Amino acid sequence: MGDEGFEGGWQVDGRCMNCDVARQLAPGLIGEAGGRAVVLRQPRGRAEVRQLHAAAHACPTRSVRPPTGRLDAALDPFPMALDDTVHLCGHNSPHTAGANSYLLRRPDGTVMMVDTPRWSTSLATRYEALGPVTDVLLTHRDHAAHGRRYADRFGARLWIHEGDLDAAPDADRVLRGTDPAEIAEGVTAFPLPGHTRGSVLYLADERYCFSGDSFYWSRTTADIEVADSVTWYSIEELAASLARTAHRLRFEWLLPGHGDRRHLPADDLAQRLRRLTARTQELRPRPVDFTAMRW
């Protein structure tokens, strides 16, 4: 790296699963071509180098390769603070289709994990350095792969909805039905069947919405969207879930499992969610097609 912070030789190798994670963390540096992530240009300046190192440490297939060809643990930025309450775990797992996961700090100094990064003891040590982890909250079956291992390591409760219980049959807490449930002070679970039968949204402090794969922020449309091309259970059920739930949700941070994050005023997000609810009611079932996702 020279005086200008330039670092050439970054690449994305052929293992890329096109999960969008690297593009979220290094926008403008990593893009999409031919159904996979590609390096659009080499970084200029230290801030851009840091973005690419974040993308490399988050990539589930370790496809984002630095010039040395090897990741440097000293340059691992995760867990990465999004604000003073929520951290992005990074180290996305290929066993959760590369989903994002989060750490939610609570006023008493404890922490909740929402969905799961890849498993390793060294990562668990990093995460629990933020505070004692009391709960691992699974939004749905697709993100359950490492839930039990993290919960056991932390001595935490593992949560899932009954609709997806077969993905975590040894869960400690099982959410049931479609009524919201307060699971801790300031944290409410909203069952949202649609993407899967047991999909759940977690709302914290009327500020943070952990939406799993129920909806996300699309850079393509610059709006909240549902993944109607990757709906495993029922798009009609998702529309009904949104109609039942959207008016109860108030938040400033949209934090999905797949797709981008967004921080906007609560009134703006509430209006967008109402419009999304109306749009989703017009959708009809379609074959699963990952290539149709509008990231």
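The model is predicted, with local features reported at pLDDT of at least 70 and side-chain atom pairs at pLDDT 80 or more, while totals for chains, interfaces and linings use all residues. Residues are numbered from 1 along each chain as its sequence is written, and side-chain values use heavy atoms, leaving out hydrogens and water. Helices (H or I, at least four residues) and strands (E, at least two) are DSSP runs numbered from the N terminus. Two strands pair if DSSP finds at least two bridges between them.

- Strand 14 (residues 200-204) pairs with strand 15 in the antiparallel sense over 3 bridges, and Ala 204 stands opposite Tyr 208 in strand 15.
- The hairpin of strand 14 and strand 15 has 3 residues between the strands, and Asp 205 there takes a positive phi near 60°.
- Strand 15 (residues 208-212) and strand 18 (residues 253-256) run parallel and are joined by 4 bridges.
- In strand 18, Leu 254 is the bridge partner of Cys 209, and Leu 255 is that of Phe 210.

**Burial of strand 15**

- Buried means under 20% relative accessible area, exposed over 50%, and partly exposed in between (1.4 Å probe, protein chains only).
- Because 5 of the 5 residues of strand 15 are buried, the strand is largely enclosed by the rest of the structure.
- Tyr 208, Phe 210 and Gly 212 are buried on one side of strand 15, and Cys 209 and Ser 211 are buried on the other.
- In a regular strand the side chains alternate between the two faces of the sheet.

- Strand 10 and strand 11 run parallel, joined by 3 bridges, and His 161 stands opposite Leu 175 in strand 11.
- The buried residues of helix 4 (residues 147-154) are Gly 147, Arg 148, Tyr 150, Ala 151 and Phe 154.
- These residues lie on the same side of helix 4, because they cover an arc of only 165° around the axis, taken from the directions from the helix axis to the C-beta atoms.
- They pack against strand 8 (111-114), helix 3 (121-128), strand 9 (133-137) and strand 10 (157-161), where contact means heavy atoms within 4.5 Å.

**Pocket and cavities**

- On a 1 Å grid over the protein atoms alone, a cavity is a set of points where a 1.4 Å probe fits but cannot get out; a pocket is an open set with protein on both sides within 12 Å along at least five of seven lines; lining residues have an atom within 4 Å of a point.
- Grid points are joined across faces, edges and corners, and a volume is the space filled by probe spheres set on the points.
- The largest pocket holds about 490 Å³ of space.
- It has 22 lining residues, with Val 230, His 258, Phe 290, Met 293 and Trp 295 the closest to its centre.
- Among the 15 residues lining the largest cavity, Cys 16, Cys 19, Ala 22, Ala 37 and Cys 59 lie nearest its centre.
- Helix 1 (residues 21-25) gives the largest share of that lining, 3 residues.
- The second largest cavity is lined by Thr 178, Pro 180, Phe 190, Pro 191, Arg 244, Thr 245 and Arg 248.
- Strand 13 (187-191) and helix 5 (235-245) each supply at least two residues of the lining of the second largest cavity.

**Arg 248**

- Arg 248 sits in the loop between helix 5 and strand 18 and, at 44% relative accessibility, counts as partly exposed.
- Beyond its neighbours within four places in sequence, Arg 248 is in contact with Pro 180, Phe 190 and Leu 203.
- The C-alpha atoms of Arg 248 and Ala 270 are separated by 9.5 Å, the two residues being 22 residues apart along the chain.
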